[in-house]
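Please look over the sequence and the model before reading on.

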Amino acid sequence: MLAIRAAKTFAAMASEPRLRILAYLSKSTMTAGEIAERFDMAKPSLSKHLSILENAGLISSVKKGKYIHYSLVQENIVNTLDGYLQEVCSVRGPLRRESEAKASTNSSRED
């Protein structure tokens, strides 16, 4: 499951326009129109980029009146990238497995 989520995240981030959208949303919420003002692309293309980012769980949208407001999902980016790094890092991977083993030992003692 983590690998699928990481793959979606990295695929979504493999585009300069999507990376720019993430940068724009890093400090504030914006409407699609506000984001569109910063790009020279057709609205359907922008909509597709927003959809890819949202499907990857990197951004979220909330409808307020007649506008949709987009914002960055900070926790997802951090957790997804950190989880991926834990899997591939030669130092953190063993530490994660050790932690998982310790957690399962502790939970079996409590039973």
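Which residue in strand 3 does Thr31 stand opposite? The residue is His69. The model is a predicted one, and the points below are grouped by topic.

- Three strands make up an open sheet, ordered 1-3-2, with antiparallel pairing.
- Strand 1 (30-31) and strand 2 (59-64) are the edge strands, each with a single partner strand, so one side of each has no neighbour in the sheet.
- Two bridges join strand 1 to strand 3 (residues 67-72) in the antiparallel sense.
- Helix 4 lies across strand 2 and strand 3, and its direction is at about 115° to strand 2.

**Helix 2 and helix 4**
- Helix 2 (residues 16-24) packs against helix 4 (residues 43-55) at an angle of about 70°, and their axes are 10 Å apart.
- The two helices are therefore roughly perpendicular to each other.
- Helix 2 makes the contact through Pro17, Arg18, Ile21 and Leu22, while helix 4 uses Leu46, His49, Leu50, Ile52 and Leu53.
- By class, seven residues of this contact are nonpolar, one is polar and one is charged.

**Nonpolar core**
- The largest nonpolar core holds 17 residues, and Ile21, Leu25, Ile35 and Ile59 have the most contacts inside it.
- Helix 2, helix 3 (32-36), helix 4 and strand 3 each supply at least two residues of this core.
- Helix 4 gives the most, with three residues.
- Leaving aside neighbours within four places in sequence, Ile21 is in contact with Ile35, Phe39, Leu46, His49, Leu50 and Leu53.

How values were computed
Residues are numbered from 1 along each chain as its sequence is written. This is a predicted model: local features need pLDDT of at least 70, side-chain atom pairs count only at pLDDT 80 or more; totals for chains, interfaces and linings use all residues. Side-chain values use heavy atoms; hydrogens and water are left out. Axes are lines fitted to C-alpha atoms, for helices over the stretch in contact, and angles run from 0 to 180 degrees between N-to-C directions. Helices (H or I, at least four residues) and strands (E, at least two) are DSSP runs, numbered from the N terminus. Angles under 35 degrees count as roughly parallel, over 145 as roughly antiparallel, 65 to 115 as roughly perpendicular and the rest as oblique. Contact means heavy atoms within 4.5 Å. Ala, Val, Leu, Ile, Met, Phe, Trp, Tyr, Cys and Pro count as nonpolar, Asp, Glu, Lys and Arg as charged, and the others, Gly among them, as polar. Two strands pair if DSSP finds at least two bridges between them. A nonpolar core is a set of buried Ala, Val, Leu, Ile, Met, Phe, Trp, Tyr and Cys residues joined through side-chain atoms within 4.5 Å. Buried means under 20% relative accessible area, exposed over 50%, partly exposed in between (1.4 Å probe, protein chains only).
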